[in-house]
Amino acid sequence: MGKVTAADIAKICGVSQATVSYVLNDRPDKSISPATREKILAAAHALSYHPDAGARGMRTRKAMSIGVIVGQDSTSLSFNKTLRGIQRVLYQNGYSITLLPDEEASEQAKYVAYYLSRRIDGLLFLYMTLDLAAVELLGKYELPYLVINEAGITGCGIHLHTGLRTVIRQCVGYCRRHDFQRIAYFSFGSAVRNPAVTRKIELLREYFLQDYPLAALTEEVFPRGMEDEALCSAVDEALGRLQPQVVFTPLPRLTMITEGQILRRHFELPQNIKLISLYDSWYFKELYPTVTHLEFPLSEMGEYACECLLAALGQTQPPSRGFSCSLWVGMSTLDEGGENF
């Protein structure tokens, strides 16, 4: 058999082609019996039926593709986690993904050209903070979009926060309760403003100043692109020079190297220097289970963002859901009395 069509499935199931279309497109306004629905879905699966996206796009006057733009601060770990959620919802609804470059907002931005030429129906910005120029450009062309980052999901009338502020304030409270006054924040330097790094240090500064002004928060910036051996030496030198009681890190590679250097200096538990990673990575649990770190429901956030974007495209009410980040407490913050967060 050549390419399977909806007409083939209709003939096998003994129903109309319209009924097949209603089931495969999950039309909620059409009443189809459960037995008929199951029969059609089973036949489509058995015949490896795939709808013609081009034909569907012509019928709906949609591109059936969503543009995805990944910011400078993304890493493969978080990107893959979020992308899995995005893929699940888009593919279930017959949409594809178009990856687009991260560009400065301008009338010539590629995502504008893709939207105006009907190659995408909307945009998802991952791990980015849009400036005013970008927001105005998107508004000018009425381009539906959502921004997904660790702080939450925004756009299309959605303002959903993960509670990042609450957890970082919790970290400051931990330092205050244990009377830790020498605090270090290790990060990488970059020519590009990196929200994954800058957002967290800004929140730390805010809450240390507000809740624990006795603490001295020092930011140590390492050159981006350092080889592991050189970075290990630089981190070790910073630990010796600053003598911090607590170190915060915003990125996974720096977290793992810092934890290694802390344990190399004083291989003991509780750790001589406490470590808190303001990042979500399964690497920590698998390779560095001692590290206390943030956890974000990134896959679920990707799913929900797509549901909201598709609702905006269909001019329907978006579903109501909530998310929150949390702190996975490891032994890197354990004190001598056995107390932790």
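Trainee: Which strands does α10 lie across, and at about what angle does α10 run to β8?

Mentor: Helix α10 lies across β7, β8 and β9, and runs at about 160° to β8. Here, helices (H or I, at least four residues) and strands (E, at least two) are DSSP runs, numbered from the N terminus. Axes are lines fitted to C-alpha atoms, for helices over the stretch in contact, and angles run from 0 to 180 degrees between N-to-C directions. Keep in mind that this is a predicted model, where local features need pLDDT of at least 70, side-chain atom pairs count only at pLDDT 80 or more, and totals for chains, interfaces and linings use all residues. Residues are numbered from 1 along each chain as its sequence is written, and side-chain values use heavy atoms, with hydrogens and water left out.

Trainee: What is the order of the strands in the open sheet?

Mentor: Two strands pair if DSSP finds at least two bridges between them. The open sheet has six strands in the order β8-β7-β9-β10-β11-β12, with mixed pairing. Because β8 and β12 (326-328) stand at the edges with a single partner strand each, one side of each is left without a neighbour in the sheet.

Trainee: How many bridges join β7 to β8, and how many join β7 to β9?

Mentor: Seven bridges join β7 to β8 (residues 216-222), and these strands run parallel. Three bridges join β7 to β9 (residues 246-249), also running parallel. Look at Tyr-185: it stands opposite Glu-219 in β8 and opposite Phe-248 in β9. Ala-184 stands opposite Val-247 in β9.

Trainee: Why is β7 described as largely enclosed?

Mentor: Buried means under 20% relative accessible area, exposed over 50%, and partly exposed in between (1.4 Å probe, protein chains only). Six of the seven residues of β7 (residues 182-188) are buried, so this strand is largely enclosed by the rest of the structure.

Trainee: How are two packed helices described?

Mentor: The angle between their axes and the distance between the axes describe them. In this model, the axes of α10 (residues 228-242) and α11 (residues 252-265) come within 9 Å and cross at roughly 60°. That makes α10 oblique to α11; angles under 35 degrees count as roughly parallel, over 145 as roughly antiparallel, 65 to 115 as roughly perpendicular and the rest as oblique.

Trainee: Which residues of α10 meet α11?

Mentor: Contact means heavy atoms within 4.5 Å. Among the α10 residues are Leu-231, Val-235 and Leu-239, and the α11 residues include Leu-254, Ile-257 and Arg-265.
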